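User: Hi! Could you walk me through a few spots in this protein model?
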Amino acid sequence: MNELKLTEEYDKFRHGIQLLMKSPDFSVGTTPSEVIYTEDKMKLIHYIPSVAKTHEVPVLIVYALVNRYYILDLQPDKSVVKKLLDEGFDVYVIDWGYPSGPDRYLTLDDYVNGYLHNSVEKIKDICGLDKITLLGVCQGGTFSIMYSALHPENVKNLVTLVSPVNFDSNKGILNLWAKGLDVDKIVDYYGIVPGDFLNSAFLLLDPFRLMIDKYIGMFERIECNTDDTTCELRNEDYIKNFLRMEKWIFDSPDQAGETFRQFMKDCYQKNLLIKNEMVLNGKKINLKNITMPVLNVMAEFDHLVPNDSSIPLADAISSSDKDTLVFPTGHIGIFVGSKSQKEVCPKIAAWLKPRSDLNGNGDENTGSVKEELPGLAREKTLEQKITKRKPKVKK
C-alpha cells in the first residue's frame, strides 16, 4: 500500500471515529408497550395495538436467553413487532431480564414450565381464550417447541424462526464448539455464566465479519465530500443504525448456570430433544404431541443455526398442517435485513391470519368467545393456573 493510499485510509478511519465520538442520540425498542406481568426477573410485555381490529388469537414472542428481545423491535423501519402489529395481530413478548445471584439455580424447567407457562396463562386469561400463538426465535423457538409438546392444549399455532431442534449437525461452528465444551467446569466455576464470555464465543465464530469487516464497511460508507450536508445527514442516520446494532450485539445477559448446563448437555451434546428423550420436571418431551399448525422459518445463510438443525422438525411432529419457509439471508438479517420487512414478516403474517380468527371459545370449532370472568373470580382462576415457583435452594 503506497503512502497516498495509506493516508486516505487513515483519513476515513479518523472521520469515522469522529462521527462515533459525537454519540448521536438513538433508542431501541420504541414501539409503545406496557409491562402486564412480572415474575422474578422476567417481564411480560404487551405492545399497544396499532390498528382498530386485531385477529383474535394473540401472538407471544419467545426470544433466546442470549442477547435481548429488542432485536425484533430495533427501530421503526426494522421491527418485526411493528410489522405484526400493523398486520392486525395482538403481540406480546417475554423479557427474560438479567439473571444474577441465586438465579444460578434456575433450571430449564423453571423457564419452560414456569415463566413461559405462566406468561401463556396470563395472556389466555386477559384475552379470554384457551389457546394462543407462540412465535419462538432461535433458542426461544426451541423453548417454544418444548412447551408445545408439553402443553399442546395451550397452543393454537406454533411459529419457529431460525430455531434448532436437531443439534447433531457438523455444518455450524457453534454446534462443533458446543460438543467439545466442558460445560460442568464452566458452570461450577462461574455459577452465573457471564454474558460477555458467551458473546465472545459467538463473535469468534465469524471473527473477521463480526469484529473487523463491519467497521471497515462502516468507515467506507460514511465518506463524504467537503461541505456535502446531505451526505452528513445521511451519515448521522447510518451511524445511529450502526450503534443500535452494536448496542444489541454487546447487550448480553448473564445465564443461569443450571439452565445453561442442561441446555448445552441435553441438546447440543446429547441431542435428546429430537430423540424424544429429553426430560423436564420428570416428564419426557415427546414431539409427536405437537399437532397444532406449525410454520418453520429458516435463514439460508445462517451461521448460528444451520438449516440441518431446523429441517427435521417437520418429520418429528404429528401436525398435518405444517409449512416451511427459507429466505436467502442470515441469522440476524432475517430480523433486521431488507428482506425482513419486505418478505419475511408479510409471509409469516399471511400464514397466521387464516389460523388466527376463531369461531369462538378460544377454539376454532364453536360459536362465541367465552364471557370474561368477573374481577375477583377472574383473578382467582389465574392464580390457580399460575405455576407456583419452587424455592431456589443453594447447593
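User: Which helix is Gln269 in?

Analyst: Gln269 is found in helix H10, which covers residues 257–269. Keep in mind that this is a predicted model.

User: Is Gln269 buried, exposed or partly exposed?

Analyst: Its relative accessible area is 32%. Buried would need under 20% and exposed over 50%, so Gln269 counts as partly exposed.

User: And what does Gln269 touch, leaving out residues up to four places away in sequence?

Analyst: Gln269 touches Ala178, Lys179, Leu181, Val183 and Met264.

User: Nice! New topic: how many aromatic pairs are there?

Analyst: A search of the whole structure finds 10 aromatic pairs. Take Tyr111 and Phe143: their ring centres are 6.5 Å apart and their planes are at 35 degrees, so that pair is tilted. Tyr111 is in helix H3 and Phe143 in helix H4, 32 residues apart.

User: Are those two buried or exposed?

Analyst: Tyr111 is buried at 3% relative accessible area, and Phe143 is buried at 0%.

User: What about Phe167 and Tyr268, how are their rings arranged?

Analyst: Phe167 and Tyr268 form an edge-to-face pair, 4.6 Å centre to centre with 70 degrees between the planes. Phe167 lies in the loop between strand S8 and helix H5, while Tyr268 is in helix H10.

Conventions
Residues are numbered from 1 along each chain as its sequence is written. This is a predicted model: local features need pLDDT of at least 70, side-chain atom pairs count only at pLDDT 80 or more; totals for chains, interfaces and linings use all residues. Side-chain values use heavy atoms; hydrogens and water are left out. Helices (H or I, at least four residues) and strands (E, at least two) are DSSP runs, numbered from the N terminus. Buried means under 20% relative accessible area, exposed over 50%, partly exposed in between (1.4 Å probe, protein chains only). Contact means heavy atoms within 4.5 Å. Rings of Phe, Tyr and Trp (its six-membered ring) pair if their centres lie within 6.5 Å; planes under 30 degrees apart count as stacked, over 60 as edge-to-face and the rest as tilted.
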